[in-house]
Amino acid sequence: MKEYKLLIWGTGKIAEALLENGVRGQIIGFIETNKSREMYNNKKIYSLEEMPHDFDYILVANVYVNQIYKICMDRELDISKIIFIKGIKRQEGFSDTTVIKEILGKRNFTNYCGEFGLREKTFFQEDCEKYSQLNARENFKIEERYIWPIITEKYAKAGAMNNYFWQDLWAAKHVLGSDTKEHFDIGSRIDGFIAHLLAADVKVTQIDIRKFPGEVENLHTIVDDATDLNEVEDESIKSMSALCSLEHFGLGRYGDSIDPEACFRCFSSIQKKIKQGGKLYLALPIGKERVEFNAHRVFYPSTIIESFSQMKLMEFSCIAAGKIEYQIEVHKYDSDLHNGEYRYGLFYFEK
């Protein structure tokens, strides 16, 4: 088999998984759309301007695949040398599956086929035939009308311990460790953090601008814009959280009104509503400060700390790539551009 010279466009989780599963070929470097460092996986990182020409294929291992496709078109890159492995629901660029399978190997190629609905290229047909040979139960024979192909989980890990998993666990440990029996929340995940609290018999009041999917014991819900917290009495809350929710305020993403100051007004409102001795747990995207309209804002940690000047910061930690760094220096990631892997700041305040 020929050893192809490969560039990988991406240095986040998709690229990490690609490498973990094994790529067959000589990786000569990585590309970052917005270059943020010099090396990744002991290989040089190239900007778009630095990109070398002596390669056989570029593997696009990036969540921003549609933007990258547009960049390729705008820069008139040779699309026949680019393999989009994820994120785009049609085969663009190089599409010879025989060569792609050689390069990606069995695990990555299985995921590639799942992305593009190419079940006949995978283990699926062989497994069908083997099952049919072994099966002796009439009611459980394979029939075409009932086939439901799942081909992307054969080599997947048992669940995900992503940033949301760790932020929910971090906040739940704090709340439960404080022996709180009643808690107030703004827009955090019901199927994560809120479920943790409810399982421990903590009564939760949650406010969200979106309609709630149902009712559950010990969860009181308020459907409203939480910017000003008008439905909450001043100095009435002992324990409160907002995990990856406040960064969206005022951007219209969830049907709220456009208001560039909405999140900052909410920061002020929260401080009015928390009583003396009360605790607050926040998770927000951190890095080089900016708005990525209409998805969210990314904050300098110092902006959050200054915005909550009426409270004392007890802990500033952060999550990235499924790992927590505890009690880090406030300005450590002020230049971080994330490049597909967000960093969430974890702020624990007391009033």
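K332 is partly exposed, with 45% of relative accessible area. In this predicted model, K332 forms a salt bridge with E325, and the closest N and O atoms of the pair are 2.7 Å apart. E325 is also in the partly exposed class, since its relative accessibility is 25%. Elsewhere, salt bridges with shared partners join K35, E38, K44 and E50 into one network. Over the whole structure, the search finds 23 salt bridges.

K35 sits in the loop between β2 and β3 and is partly exposed, at 24% relative accessible area. Its salt bridge is with E50, where the closest N and O atoms are 3.0 Å apart. Because K35 lies in the loop between β2 and β3 and E50 in the loop between β4 (43-46) and β5, the pair ties together parts that are 15 residues apart in sequence. E50 counts as partly exposed too, at 37% relative accessibility. The side chain of K35 also reaches the backbone oxygen of I45, at 3.2 Å. Leaving out residues up to four places away in sequence, K35 touches K44, I45, Y46, S47 and E50. For a sense of scale, K35 and E144 are 109 residues apart in sequence, and their C-alpha atoms are 48 Å apart in space.

The strands named here belong to an open sheet. Its 6 strands run in the order β3-β4-β2-β1-β5-β6, with mixed pairing. At the edges are β3 (39-40) and β6 (82-84), each of which pairs on one side only. Strand β1 (residues 5-9) pairs with strand β2 (residues 26-31) in the parallel sense, over 5 bridges. Within this pairing, L7 has G29 of β2 as its bridge partner. Strand β1 is largely enclosed by the rest of the structure, because 4 of its 5 residues are buried.

Helix α2 (residues 65-74) lies across β1, β5 (57-60) and β6, and runs at about 160° to β6. Helix α3 (residues 97-116) packs on the sheet as well, touching β1, β5 and β6, and its direction makes about 35° with that of β6.

Just after α6, D201 takes a positive phi of about 65°.

The last stop is R297, placed in strand β13 (residues 296-298). R297 is buried yet has no salt bridge: the nearest side chain of opposite charge, that of D259, is 6.6 Å away. Which backbone oxygen does the side chain of R297 reach at 2.7 Å? That oxygen belongs to F249. A polar atom of the R297 side chain also lies 3.1 Å from the backbone oxygen of E247. Apart from neighbours within four places in sequence, R297 is in contact with a set of residues including L246, H248, P260, C263 and R290. R290 itself forms a salt bridge with E292, the closest N and O atoms being 2.9 Å apart. E292 counts as partly exposed, at 21% relative accessibility.

Note on methods:
Residues numbered from 1 in each chain as written. Predicted model: local features only at pLDDT ≥ 70, side-chain atom pairs only at ≥ 80, totals over all residues. Heavy atoms only, no water. Helix = DSSP H or I, 4+ residues; strand = E, 2+ residues; numbered from the N terminus. Buried < 20%, exposed > 50% of the residue type's maximum accessible area, 1.4 Å probe, protein only. Lys, Arg positive; Asp, Glu negative; His and termini not counted. Salt bridge = Lys/Arg side-chain N within 4 Å of Asp/Glu carboxyl O. Polar contact = N/O pair within 3.5 Å; in protein donor to acceptor, adjacent residues only side chain to side chain. Contact = heavy atoms within 4.5 Å. Pairing = 2+ DSSP bridges. Axes fitted to C-alpha atoms, helices over the stretch in contact; angles between N-to-C directions.
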